[in-house]
Amino acid sequence: MVSNNVTRLLDNREINYQAYVLPKKKIKADEVAQLLDAPPEIVFKSIVILRKGPGKAILAVVPGNKEVDLKLLARAVGEKKVSASTQSEAEALTRLQAGGISPLALVNRGFEILIDQSALDHELIHVSGGELGLNIRLAGKDLIQLTGAKIAPIC
């Protein structure tokens, strides 16, 4: 069984989850869905979003088969304009490798976390486990509660 900060957090909070070990490389969400034999709409990806003004970065968590709508996201966080970070910016801000960026690994790290409202349409969803090669399946409501995320239509 894989153990890292994310799995320890879930264990400590007594959150029901399943961990899946995948190849230790950056894998696109649709490929993760294939490897897990899961519908792509329940495999969520994390996108680091930058504010134009001051303030901590935003983590947008969206289904792997959709894209973040930056206008909808900006409206949801009360900004005029936001932009997607580059891979190197995302890695520097989160201190995680792209492909391993997870809302669960960023709990209490000051990120504003927004999860697309479609997460509520599914009993269980998948997110990165905070490192390359680790995927976590858990209830969307548990992810929202644990991360303090805001739910909004952001796709």
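**First selection: Ser 85**

Select Ser 85 and display its surroundings: leaving out residues up to four places away in sequence, Ser 85 touches Val 48, Leu 50 and Ala 90. The model is a predicted one. Ser 85 sits in the loop that runs between strand S4 (82-84) and helix H4 (87-94). Is Ser 85 buried or exposed? Its relative accessibility is 17%, and because buried means under 20%, Ser 85 counts as buried.

**The whole chain**

Now zoom out and colour by secondary structure. The protein chain has five helices and eight strands, and along the sequence they follow the pattern α-β-α-β-β-α-β-α-β-β-β-α-β. Taken along the principal axes, the C-alpha atoms fill a box of roughly 45 × 30 × 30 Å. The radius of gyration is 14 Å, which agrees with the value near 15 Å that a compact globule of 155 residues would have. Among contacts with a separation of 6 or more, 66% join residues 24 or more positions apart.

Buried residues make up 52% of the 155 residues. For the charges, the mean position of the 20 positive ones and that of the 17 negative ones are 7 Å apart.

In soluble globular proteins, nonpolar side chains tend to be buried together. To view this here, select Leu 10, Leu 104, Ile 115, Val 127, Ile 136 and Leu 138, the residues with the most contacts inside the largest nonpolar core, which has 32 residues. Elements that each supply at least two residues of this core include helix H1 (5-12), strand S2 (44-51), strand S6 (124-128) and helix H5 (140-147).

Centre the view on Val 127. Beyond its neighbours within four places in sequence, Val 127 is in contact with Phe 44, Val 61, Ser 102, Leu 104, Asn 135, Ile 136, Leu 138 and Leu 143. Next, select Val 62, Ala 74, Ala 152 and Ile 154; these belong to a second, separate core of 13 residues.

Finally, select Lys 25, in the loop between strand S1 (17-21) and helix H2 (29-36). Lys 25 counts as exposed, with a relative accessibility of 51%.

How values were computed. Residues are numbered from 1 along each chain as its sequence is written. This is a predicted model: local features need pLDDT of at least 70, side-chain atom pairs count only at pLDDT 80 or more; totals for chains, interfaces and linings use all residues. Side-chain values use heavy atoms; hydrogens and water are left out. Helices (H or I, at least four residues) and strands (E, at least two) are DSSP runs, numbered from the N terminus. Buried means under 20% relative accessible area, exposed over 50%, partly exposed in between (1.4 Å probe, protein chains only). A nonpolar core is a set of buried Ala, Val, Leu, Ile, Met, Phe, Trp, Tyr and Cys residues joined through side-chain atoms within 4.5 Å. Contact means heavy atoms within 4.5 Å. The radius of gyration is taken over C-alpha atoms; the globule rule is 2.2 Å times the number of residues to the power 0.38. Lys and Arg count as positive and Asp and Glu as negative; His and the chain ends are not counted. The place of a charge is taken as NZ of Lys, CZ of Arg, CG of Asp or CD of Glu.
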